[in-house]
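Morning, everyone. Please put the sequence and the model up on the screen, and I'll walk you through them.

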Amino acid sequence: MPNIFEKELNEPQPQCCSNGACCQGASPSTPFHALMQRATQGDEFARNFFSIMVPYASHEAAHKVVPGLVERTLAAAKKSDDFKNPEDVVFYRCRYQTPDNKCGVHEDRPQFCRDYPDTPFVVMAPGCAFESWQAKCRTKYSEMKDQIQNLDKLKQELSTLKNTQGALSELSEEDYQELAHISSHHTANLSLVLSLTRLHLSSPMQSMVFSEE
Ligand code: SF4
Ligand code: SF4
């Protein structure tokens with residue numbers, strides 16, 4: 001099923017090339033102890049995560065396996081409020097990955113594996129098949145944000161126009177035309193606002209993986 005970014009941004013995802021890099025260098029944006037606490041409280045993601053993932057002994061150990069992903073993740077962690085110290089980031093690899101980097105439990109893999117990547121705001125491994133999708137989504141997302149800012153400007157113009165001109169009955173033909181122009185922009189952009197709101201709710205705030213934004 002298409003995820004919300006595919007639907008709202010009209011950007012279908014490519015096929016995963018199954019190189020297994022994401023399974024070798026996972027790093028949730030929730031610190032280890034907080035994630036463990038969520039698991040003990042019954043959180044489904046946290047429980048599934050710990051049921052398949054094994055932590056690396058150190059960043060260096062993870063770096064030997066997936067250097068690019070580790071470097072990107074640590075750079076993102078420096079910008080994250082959740083990690084006062086990037087050294088607190090824990091990298092994991094999946095216990096079910098086969099020696100040739102395939103999924104050993106493909107039919108039974110957890111939902112978060114099936115959904116990955118469900119947002120373009122995650123740190124992807126260099127060479128991940130979804131990198132081009134990520135770039136296109138981010139460009140569209142940023143264009144939408146620019147349009148929303150323009151919409152805010154239009155709303156301010158509308159408000160100024162109303163305040164300066166007083167009652168609608170006192171507006172000139174020219175003012176009416178200006179109002180109609182602004183209103184049509186407003187309506188056309190309503191779906192844009194709704195789309196962006198849905199995307200904001202979906203990600204990156206609720207993402208379980210590091211955001212690069
Ligand atoms: S269960 Fe399969 S898809 Fe999920 S992390 Fe492990 S190897 Fe990767
Ligand atoms: S790193 Fe990207 S292309 Fe490779 S297995 Fe993970 S999602 Fe698929």
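I'll start with the overall layout, then take the helices, the ligands and a few single residues.

First, the ground rules. This is a predicted model, where local features need pLDDT of at least 70, side-chain atom pairs count only at pLDDT 80 or more, and totals for chains, interfaces and linings use all residues. Residues are numbered from 1 along each chain as its sequence is written, while chains are lettered from A and ligands numbered from 1 in the order in which they are written.

Now the layout. The protein has nine helices and two strands. Helices here are DSSP runs of H or I with at least four residues, strands are runs of E with at least two, and both are numbered from the N terminus. Along the sequence the pattern reads α-α-α-α-β-α-α-β-α-α-α.

How much of the protein is buried? Buried residues make up 23% of its 213 residues. Buried means that 20 or more other C-beta atoms lie within 10 Å of the residue's own; exposed means 12 or fewer, partly exposed is in between, and C-beta atoms are placed from the backbone.

Next, contacts. Two residues are in contact if their C-beta atoms, placed from the backbone, lie within 7 Å. Take the contacts between residues at least 6 apart in sequence: 76% of them join residues at least 24 apart.

Let's look at helix H4, residues 44-52. Which of its residues are buried? Ala46, Phe49 and Ile52 are. They sit on the same side of H4, because they cover an arc of only 145 degrees around the axis. That arc is taken over the directions from the helix axis to the C-beta atoms. What covers the buried residues? The cover includes helix H3 (32-40), strand E1 (53-55) and strand E2 (92-94).

Stay with H3 for a moment. H3 and H4 pack at an angle of about 110 degrees, with axes 7 Å apart. That makes H3 roughly perpendicular to H4. By class, their contact has five nonpolar, no polar and two charged residues. On the H3 side we find Leu35, Arg38 and Ala39, which meet Ala46, Arg47, Phe49 and Phe50 in H4.

A few cut-offs for that. Axes are lines fitted to C-alpha atoms, for helices over the stretch in contact, and angles run from 0 to 180 degrees between N-to-C directions. Under 35 degrees counts as roughly parallel, over 145 as roughly antiparallel, 65 to 115 as roughly perpendicular, and the rest as oblique. As for classes, Ala, Val, Leu, Ile, Met, Phe, Trp, Tyr, Cys and Pro count as nonpolar, Asp, Glu, Lys and Arg as charged, and the others, Gly among them, as polar.

On to the ligands. A residue is near a ligand if its C-beta atom, placed from the backbone, lies within 6 Å of it. Around ligand 1 we have Cys23, Ile52, Cys94, Tyr96, Gln97, Cys103, Val105, Arg109 and Cys113. By class, that shell has seven nonpolar, one polar and one charged residues.

Ligand 2 has its own shell, and its residues include Cys16, Cys17, Ser18, Tyr116 and Phe130. That shell has nine nonpolar, three polar and no charged residues.

Two of those shell residues bring us to the backbone. Most residues other than glycine have a negative phi, and most peptide bonds are trans. Ser18 has a positive phi of about 55 degrees, although it is not a glycine. Ser18 lies in the loop between H1 and H2 and counts as exposed, with 12 C-beta neighbours inside 10 Å. Then Tyr116: a cis peptide bond joins Tyr116 and Pro117, with omega about -10 degrees. Pro117 is in the loop between helix H7 (111-115) and helix H8 (131-165).

Last stop, H8. Trp133 is found in this helix. Is Trp133 buried or exposed? Trp133 counts as buried, with 20 C-beta neighbours inside 10 Å. Leaving aside neighbours within four places in sequence, Trp133 is in contact with Glu11, Gln13, Pro14 and Pro120. Trp133 and Pro14 are 119 residues apart along the chain, yet their C-alpha atoms are separated by 7.2 Å.
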